[in-house]
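Please keep the structure in view while reading.

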Amino acid sequence: MASPEPSAHGAEKLADDDDTPQSPSLTLTLLGLSLTLSPTQFLILVAAIYYLTPIAGSAFSTPSSPPESANIFSFSHKRNPVNVFFVKYGWLWTTLVFLIHISRLRSSKLKALLRYAAATAWWILVAKWFFGPPLMDWLFLATGGKCQLVDADPMRAKEEVGTAQMMSLVDRFCLATGGKCQLFDAAPMCAKEEVGTAQMVFTSAACKVVGGKWSGGHDLSGHVFLLTHASLFLWSEFLPIWIRSGAAGWESAGVLTLLALWWWMLLMTGLYFHTWPEKITGWVGAIVEWAGLYLWALRLRPTARRFFGVPGV
């Protein structure tokens, strides 16, 4: 268990480099052994735990286990309530808790929002959009993945769509508003005249719209990415206040509760979903922006500290 030691400066601002002798530290006590860590060392330890959690889940899962339980309240079911109402909207919940957290900051709320904007931009690029498909879908396509349509509906014909073709956002809008979908050279095209010839993209979201599923390729674990990325962001923002003032207050309770939930769902992802290489790439994708900003830029680049500020101030 981590117990924060008082800072030498009390409630004063944290030092620019949290590895300096004057900066606060954390003492971890486990099985009678104590380990004193700087904030940076603690965050690296946390990142390692988030790496080991889904890997440990893979070690305890068995190939004979059903991929999805018939019981919707089981964590092995994709439609379990926690997954549907929390993880599916994971960045929204992270955003709400973060906004509550920074409401108690004395100053530099704008700079805290800049750090949040950087984390949000990385989430969008990896999971939502990167000049068409998000980065995780580009990776899937580059490794030979494709969308296999399994619905017998005429609009969802049983065809294998090529790796370079799929429905664009305008195509999906056309279908959602009553447009007719026809297959031309195995590529779903919208027949509404006003749509015209749309640029074809290939995304996991579009695949689901037409009743398909990913087949082949390397499917980076979106759950591991989101849960790790969100958790490391919250830890980096919350840790300075925890060290300085402890975990008292409903704002801290909200952060710690969400962190506990995200860690639990990360473990459940490790147990029931994805292969271990897919979990590893999800973790790698999650730490890129976090490590670049919190471990490198804010510690070693004065210009970045002036622009983004320091967490907890």
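## Helices H8 and H9

The model is predicted. In helix H8, the residues His223, Val224, Leu227, Thr228, Ala230, Ser231, Leu234, Trp235 and Phe238 are in contact with helix H9. On the H9 side, the partners are Ser252, Val255, Leu256, Leu258, Leu259, Trp262, Met265, Leu266 and Thr269. The residues of this contact comprise 13 nonpolar and 5 polar ones, with no charged residue.

H8 spans residues 222–245 and H9 spans residues 250–272. Their axes come within 10 Å and cross at roughly 155°. An angle over 145 degrees counts as roughly antiparallel, and H8 and H9 are therefore roughly antiparallel to each other. The crossing of H8 past H9 is left-handed.

## Helices H3 and H9

Helix H9 also meets helix H3, which covers residues 90–102. The axes of H3 and H9 come within 8 Å, with a crossing angle of roughly 155°. These two helices are therefore roughly antiparallel as well, and their crossing is left-handed.

From H3, the contact involves Gly90, Trp93, Thr94, Val97, Ile100 and His101. From H9, it involves Trp250, Glu251, Gly254, Val255, Leu258 and Trp262. By type, the residues of this contact divide into 7 nonpolar, 4 polar and 1 charged.

## The salt bridge

How many salt bridges does a search of the whole structure find? The search finds 1. Side chains of opposite charge can pair when their charged atoms come close. Here, Arg115 pairs with Glu237, and the closest N and O atoms are 2.7 Å apart.

## Transmembrane regions in the record

An unreviewed UniProt entry lists residues 82–100, 112–131, 255–274 and 280–298 under "transmembrane region". In the model, residues 82–100 are 89% helix and 0% strand, and the end C-alpha atoms of this stretch are 21 Å apart. Residues 280–298 are 100% helix and 0% strand, with 26 Å between the end C-alpha atoms.

Terms used: Residues are numbered from 1 along each chain as its sequence is written. This is a predicted model: local features need pLDDT of at least 70, side-chain atom pairs count only at pLDDT 80 or more; totals for chains, interfaces and linings use all residues. Side-chain values use heavy atoms; hydrogens and water are left out. Axes are lines fitted to C-alpha atoms, for helices over the stretch in contact, and angles run from 0 to 180 degrees between N-to-C directions. Helices (H or I, at least four residues) and strands (E, at least two) are DSSP runs, numbered from the N terminus. Angles under 35 degrees count as roughly parallel, over 145 as roughly antiparallel, 65 to 115 as roughly perpendicular and the rest as oblique. A crossing is left-handed if the near helix is turned anticlockwise from the far one by less than a right angle, and right-handed if clockwise. Contact means heavy atoms within 4.5 Å. Ala, Val, Leu, Ile, Met, Phe, Trp, Tyr, Cys and Pro count as nonpolar, Asp, Glu, Lys and Arg as charged, and the others, Gly among them, as polar. UniProt positions are given in the numbering used here, feature names are shortened, and annotations may be inferred rather than shown by experiment. A salt bridge is a side-chain nitrogen of Lys or Arg within 4 Å of a carboxyl oxygen of Asp or Glu.
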